[in-house]
Amino acid sequence: MSQLRAAAAGLQRSGGRPVAPAGQSRKAASPRGGAPAPAPAPPPARHLFSDPAETEALRGSLLAWYDRCKRDLPWRTLAATEPDADRRAYAVWVSEIMLQQTQVATVIDYYNRWMQKWPTLQALAQASLEEVNELWAGLGYYSRGKRLQEAARKVVSDLAGRMPRTAEDLQKLLPGVGRYTAGAIASISYGQATGVVDGNVIRVLCRLRCIGADSSSPAVIDRLWDMANALVDRSRPGDFNQALMELGATVCMPKAPLCGECPVKQHCQAQRRVEKELAFASQKLFGKPAPVPDVEDCGVGGCPLCPPATEPWDSSLGVTNFPRKAAKKQPRVARTATCVLERRGCHGAPEYLIVQRPSSGLLAGLWEFPSLPLAQGLPEEKQREVLADHLQAWMGQPVAARGLRFIGEVVHIFSHIHQTYVVYSLPLDGDMTLDPALSPSRWVTEGEFHASAVSTAMKKVLKACEKQRGEESSPGKGSKRKRGVKPNGASSTRPGTQLSLRAFLQAPTSS
C-alpha cells in the first residue's frame with residue numbers, strides 16, 4: 001500500500017484536481033526553487049468512465065434492471081408518492097440514517113414504526129430523547145437516533161421547518177449529515193444530479209474499473225466520488241443512485257457475486273480480466289501460443305489505483321479481488337460485571353432494577369442492569385467483591401459478595417469492542433432504598449424492560465438469567481447445569497431460593 005499512501009499524502013484534491021499544500025502555489029511547489037514538480041499522471045483510461053457512449057449504455061442497462069428488479073421498500077414508496085418536498089426528504093433521511101451499518105431486513109420494521117409515530121420533522125422534534133431511544137433500542141449505533149432528532153429540532157427552530165434543498169446545504173446545515181447522506185437525500189428527494197458513495201457503490205465501482213488500491217484511503221475515495229458524479233443519470237439521479245446501491249446489495253455482493261445476473265457485466269473490467277484468464281488457461285491447455293497480455297492489466301507504471309506490486313491479482317478470487325481495504329483494526333477487549341437485581345412485584349411477577357447510562361459515550365442514555373467495568377485478569381472472587389462494593393454505593397449498606405449468584409458470561413460484539421458481560425443475579429425478598437444522587441434508576445417488569453431503551457446486550461443478559469432460572473425450576477434438570485454456573489460460597493442455599501434482605505445486606509464473615 002506504499003504507493004497509495006504516498007499518493008494520498010501528496011494529493012489534496014479540490015474540484016477533482018491536485019493542489020499544492022496550503023501556503024504554496026503550484027508553481028512554487030518545487031522544494032528547491034527549480035522547475036515545478038510535475039503533476040501526477042491521471043490513472044489509465046481503464047480506471048475511468050471516459051467514453052460517453054459507454055456511460056450512456058451503462059446508465060440505460062442499470063436503470064432498466066432496477067425498474068424490473070428493485071425491492072419493494074417502504075422508504076422508496078414514500079419517496080415516490082409523497083408530494084410534499086419536506087416530508088419526502090424527511091422520509092428519505094430517516095431511512096438513510098437507519099441503514100448505516102444495518103441490514104435492510106432489520107431496518108424495515110423500525111422504519112415503519114418510526115414513521116407511524118413521527119411522520120414529520122415537527123413530530124420528531126417534539127419527542128423526548130427517551131422516546132427516541134426506546135424506539136431505536138436494538139437497532140444499534142444508538143447515537144444515530146439522538147443526532148437525527150437534534151438535526152430535526154434544528155430544522156424546525158432555525159430553518160422554519162424547511163429542509164435544505166441541495167446536497168451542499170444539507171451537509172453544511174444539518175448536524176450528523178455527511179456527504180453520502182446529503183447526496184442521497186438531494187438526489188432521491190429533489191432530483192439533484194449528484195452521486196453517492198457508500199460501501200455498495202465502492203464495491204461496484206472498484207470492480208467495474210479494476211481499482212485495486214486501498215478503497216478506504218482518501219485518494220481512492222476522492223476518485224470514486226468523481227466517478228459517481230460523472231456516472232449519475234441526469235434525468236433520474238435518485239433512481240440511478242438507488243440502482244447502483246441495489247446492484248451492490250443484491251448482485252455484486254462481497255463474497256459471492258452473481259456475475260451472470262449482472263446487468264452491467266459487459267462494462268466490468270474485473271469480469272473482463274477473469275474472462276481473459278480463462279481464455280489464456282484454455283489456450284495453454286491445448287498448447288496454443290499465449291497471447292501478449294494487455295499492458296493495462298499488469299499494473300505497471302506506478303498507477304495509484306492499481307493493486308500494489310506486493311498484492312498481485314489472485315486468480316482464485318476472480319472479481320472479488322476488488323475492492324481491497326487495509327487490514328481492520330482488532331476490536332478492543334473489555335469485561336464488565338453485571339448484576340440482575342430481582343424482586344417480586346405487587347402481583348407476584350418479577351421486577352428488575354435498571355439504571356440509566358451517562359448521556360455521552362457508548363450506549364449513551366440507555367438503560368442497563370447495574371454494571372461495572374472490570375480490569376483484565378481479575379479473579380472471580382475479586383470480581384464479586386468489586387461488584388458488591390459497587391452495589392453498596394447504590395444502597396449505602398454493606399453487601400455480601402457471597403450472595404451474588406454467578407450466571408455465566410454473555411458476549412456481545414460492538415463495532416470496535418469485544419465485550420464480555422460477567423453476569424450475576426441477586427433475588428431479593430424486600431425493597432431497597434436507592435441513592436437519588438446516583439444515576440436514574442427504576443424497577444420494571446419483564447414487559448416494561450423490553451419496551452424500555454435497553455441495548456441488545458442487556459436483553460441477552462436477561463435471557464441468560466431466565467434460562468438458568470428455568471433450568472433450576474424444572475424437575476430433574478438441576479444436575480444437568482453446566483459446570484461453573486454454581487456460585488462460589490453458595491452451597492448452603494438451595495437453587496432457586498431467594499435470599500432475605502437481611503442476609504443480602506449481611507457483611508461477609510471470615511471462616
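This is a predicted model: local features need pLDDT of at least 70, side-chain atom pairs count only at pLDDT 80 or more; totals for chains, interfaces and linings use all residues.

Modeller: Residues are numbered from 1 along each chain as its sequence is written, and side-chain values use heavy atoms, with hydrogens and water left out.

Colleague: How many helices and strands does the protein chain have, and what makes a stretch count as one?

Modeller: The protein chain has 18 helices and nine strands. Both are DSSP runs numbered from the N terminus: a helix is H or I with at least four residues, a strand E with at least two.

Colleague: Why is His267 called buried?

Modeller: Buried means under 20% relative accessible area, exposed over 50%, and partly exposed in between, with a 1.4 Å probe and protein chains only. His267 has 7%, and therefore counts as buried. His267 is placed in the loop between α13 (237–250) and α14. Leaving aside residues up to four places away in sequence, His267 touches Glu54, Ala57, Leu58, Leu208, Arg209 and Arg272, where contact means heavy atoms within 4.5 Å. For the protein chain of 511 residues, 44% count as buried.

Colleague: What makes Thr106 partly exposed?

Modeller: Its relative accessibility is 35%, so Thr106 falls in the partly exposed class. Thr106 belongs to helix α5.

Colleague: Which residues other than glycine have a positive phi, and are they buried or exposed?

Modeller: Gln101 has a phi of about 60° and is not a glycine; this residue lies in the loop between α4 (85–99) and α5 (104–117). With a relative accessible area of 66%, Gln101 is exposed. Ala160 has a positive phi near 55° and lies in the loop between α8 (143–158) and α9 (167–173). Its relative accessibility is 73%, so Ala160 counts as exposed.

Colleague: Why are α11 and α12 called roughly perpendicular?

Modeller: The axes of α11 (residues 199–208) and α12 (residues 218–231) cross at roughly 85° and come within 11 Å. Axes are lines fitted to C-alpha atoms, for helices over the stretch in contact, and angles run from 0 to 180 degrees between N-to-C directions. Angles under 35 degrees count as roughly parallel, over 145 as roughly antiparallel, 65 to 115 as roughly perpendicular and the rest as oblique. The pair is therefore roughly perpendicular.

Colleague: Which residues of α11 and α12 meet?

Modeller: Ile202, Leu205 and Cys206 of α11 meet Ile221, Leu224, Met227, Ala228 and Leu231 of α12. These contact residues comprise eight nonpolar, no polar and no charged. Ala, Val, Leu, Ile, Met, Phe, Trp, Tyr, Cys and Pro count as nonpolar, Asp, Glu, Lys and Arg as charged, and the others, Gly among them, as polar.

Colleague: How do you know that the span of α14 agrees with expectation?

Modeller: The expected span is 1.5 Å times one less than the number of residues. For the 17 residues of α14 this gives 24 Å, and the end C-alpha atoms are 24 Å apart, so the two agree. Among the buried residues of α14 are Gln269, Arg273 and Val274, and the cover over its buried residues includes α11.
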